[in-house]
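Keep the sequence and the 3D view side by side as you read.

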Amino acid sequence: MPRVLLIEDDRAVREGVALALRRLGHELAAAETGEDGLERLRSFRPDVVVLDLMLPGMPGLDVCRGMRAQDQTLPIIMATARGDDEDIVVGLEAGADDYVVKPVQARVLEARIRAVLRRAAQAPGEGGIPRIDTYGDLSIDRAGLAVAWQGAPVALAPSELRLLLTLSASPGQVFSRQQLLEAVWEHSYHGDARLVDACVKRLRTKMGEPPREPRYIQTVRGFGYRFAAR
Amino acid sequence: MRGALKMRAGVPQLRGLRMRLIVAFALVAALAAASTGALTFREARTSVLQQSQDTVIKLLRTQVDRLAPDIGIPPGEAEVRRLAAGIAEAEPAGTWRVLVVYGGLSATSVPDDPFEEVTPELRRAVDTSPATVFQRVTSGDHTSLVVGMSVVYDLSATDSARIPSGIKVFLTVPQTREGAYVDALVAAVQRATVPALALAVLLALLAARGVLRPVRALRSATRSIAEGRLDTRLAVQGSDELADLSHTFNETAAALEESVAELRGMEARARRFAADVSHELRTPLAAMSAVTDVLDEDASHLDPDTATAVRLISGETVKLARLVDDLMEISRFDAGAAVLHLDEIDLAESLRRTLAARAWTDLVDVALPPPDALRGRVDPRRLDVVVANLVGNALRHGGRPVRVRLYERHEGYEGHEGYESHKEHRGDRGDEGGERLAVIEVLDSGPGIPASVLPHVFERFYKSDAARTRTEGSGLGLAITAENVRVHGGTVRAANRPEGGAVFTVELPLRSDESTGGSGS
């Protein structure tokens, strides 16, 4: 049973979402404030966090950063109002894996939760056979779902890991943002391409890529991204 | 308003206030100079001539009076000649010519002088009148004064005792000096007129500047107001009519600014109210939306009436959520907060995906270019909304089959006629062949759109028939479509096809370079 931590200040929304997710088979903990949510992170040990960005007291974005500081790999889904574009961008840069726009139907939220958990659990291509690919300083364990930079492990959030695995599975091939949205986030073709851009940015930072001339994840202007194997 | 101003500015300067003032001042100056000159000239000329005439007559009479007593009656030819020469000597410069006549005898001071100046009328006048007679005679380009008098013997102090001697004296004096004097006068008047005219023009320019400066200030202030700078005010100087006008202008501008600010405030409040209402509705809707699936699932276990009620609540909650979402979207367009997230994509693929995501692929005939033949920088989410709204609208209100076409065209080629929701005025770009446009057409085979409805199809909540039943749409779909096209710098229009059915045409500028990207508002 996936364990979901829901951080939402409005009682009705919290109860409604909790009720629906529980009925869909999730184990659920609900927190009213960001502080409370960070507290529950240790005691509840969730598989995924659903975080409302509009919180009284500690802002949702700070909660997101606080969680990322504690756990680099924890999947975080932001719940936001449409039009809060600034918050979405900042939230994605703070490390959120995905976002939903309120009001959201339970099955849509559930689909996102499942998708983000799949990212954490499953690698594309053939699973089970241990295989480590090395590209210079970078080594990717496709079976063990681990990435190392100059021998030291790099902690990646599920979206970042899945993005890297998808790109590096076909070195040199250009993926459009829409393709990556579908392959990594399981969004529709017309989803928010900023998810991809923000995730590439986070990934490059974690891999210590020079921002001007990234070595591995390269931008192909007007088309998308590709993984350079050299 | 702007057009009128431009027309005014286009009037030739010849008919401007400045030119008119200059012409008026110059005319007045010229008239004044001419009339003053003419009067002065006449008076001066008369007095100059009169004076010289008097002098001549006086001198002549004195000389005659001095010489006449020595002449015997009747005089001999020699005496007559002596008298003529003697009189002529009175003028030391020797310009006098004298003719003395006595009966058949005549002598001139200059020998063989024909003395043509003496006219028969003058001779007759001298014969009949005892007074001195004179006449001004012009022959050729020089004027002469001809004086005629009879020599009388003054026997007593009374006039009646004067006896004519029968000797008549005629004198011709050329008036060259007087002529030169008059000429000099004319020249002086002419010379004075030129500076007077120049002075008049200068004064006119000064006056024009004094009048034109406030007029010009008014003009530029009016233009500034027309361009939307309602805080424009004039500096009021003096207390003349123009200052009055400037003052009135300032008052009008202030009143205008106030009422516009009030209107804007009301509009902003109304928009903010709509945005706030949508925002406030969202939280309860979020709670309700979260549990609609629970209601749907359990409805089958309830008794039929409750189940119907529960399904109704669930279904309407979903619709309400969509309506609030659309309202929020419209509010953002109104607030200028709609942001474009541009990405270069294959437009045909985008359209195909839009239809597939809504399971419309089998309901719609598509005519799309091959993969990657038509790529453009668009906001994929907004393009999806545009296509989905137009196709959804065609499927609901138009007749099937519904067709979707996508092709590229270059600006300058005339497209279909129809009502346009927005007309973007884009500057000419230097690209060869004009701007590249992606054209998306959604055609249905229904009855078409009534002509009375056509201009309003992109209006919010517009219902062609007041009694029309509520449909699936929020009533904002086409308005949102139009706004989404507009933020891309494109156009959308609705029209009826001659062969029947309606056609919605979207034209989007195809931007492929990074420089034209950015956010719309």
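Begin with helix α8 of chain A, where Leu195(A), Val196(A), Ala198(A), Cys199(A), Val200(A), Arg202(A) and Leu203(A) are buried. Buried means that 20 or more other C-beta atoms lie within 10 Å of the residue's own; 12 or fewer makes it exposed, anything in between partly exposed, and C-beta atoms are placed from the backbone. Helices (H or I, at least four residues) and strands (E, at least two) are DSSP runs, numbered from the N terminus. This is a predicted model: local features need pLDDT of at least 70, side-chain atom pairs count only at pLDDT 80 or more, and totals for chains, interfaces and linings use all residues. Residues are numbered from 1 along each chain as its sequence is written, while chains are lettered from A and ligands numbered from 1 in the order in which they are written.

What covers the buried residues of α8(A)? The cover includes α4 (85–93), β5 (98–102), α6, α7, β11 (217–220) and β12 (224–227) of chain A. The helix itself covers residues 194–206, and its 13 residues should span 18 Å at 1.5 Å a residue. The expected span is 1.5 Å times one less than the number of residues. The end C-alpha atoms of α8(A) are 18 Å apart, which agrees. After α8(A) comes Gly208(A), with a positive phi near 65°.

Now turn to α6(A) and α7(A). Helix α6 (residues 158–169) of chain A packs on α7(A) at about 120°, with the axes 10 Å apart. Axes are lines fitted to C-alpha atoms, for helices over the stretch in contact, and angles run from 0 to 180 degrees between N-to-C directions. The two helices α6(A) and α7(A) are therefore oblique to each other. Under 35 degrees counts as roughly parallel, over 145 as roughly antiparallel, 65 to 115 as roughly perpendicular, and the rest as oblique. Ser159(A), Arg162(A), Leu163(A) and Thr166(A) of α6(A) meet Leu180(A), Ala183(A), Val184(A) and Trp185(A) of α7(A). Contact means that the C-beta atoms of two residues, placed from the backbone, lie within 7 Å. By class, this contact has five nonpolar, two polar and one charged residues. Ala, Val, Leu, Ile, Met, Phe, Trp, Tyr, Cys and Pro count as nonpolar, Asp, Glu, Lys and Arg as charged, and the others, Gly among them, as polar.

Another helix pair sits in chain A. The axes of α2 (residues 34–44) and α3 (residues 60–70) of chain A come within 10 Å and cross at roughly 15°. That makes α2(A) roughly parallel to α3(A). Gly34(A), Gly37(A), Leu38(A) and Leu41(A) are the α2(A) side of the contact; Gly60(A), Asp62(A), Val63(A), Gly66(A), Met67(A) and Gln70(A) are the α3(A) side. These residues divide into four nonpolar, five polar and one charged.

Next, the two chains together. In chain A, 29 residues are in contact with 31 residues of chain B. Two or more residues come from each of α1 (11–23), α5 (106–121) and α7 (177–185) of chain A. The largest share, seven residues, is from α1(A).

Finish in chain B. Gly148(B) lies in strand β4 (residues 142–154) of chain B. Is Gly148(B) buried or exposed? Gly148(B) counts as buried, with 25 C-beta neighbours inside 10 Å. Not counting residues up to four places away in sequence, Gly148(B) touches Val118(B), Leu122(B), Ala125(B), Val126(B), Val133(B), Lys168(B) and Phe170(B).
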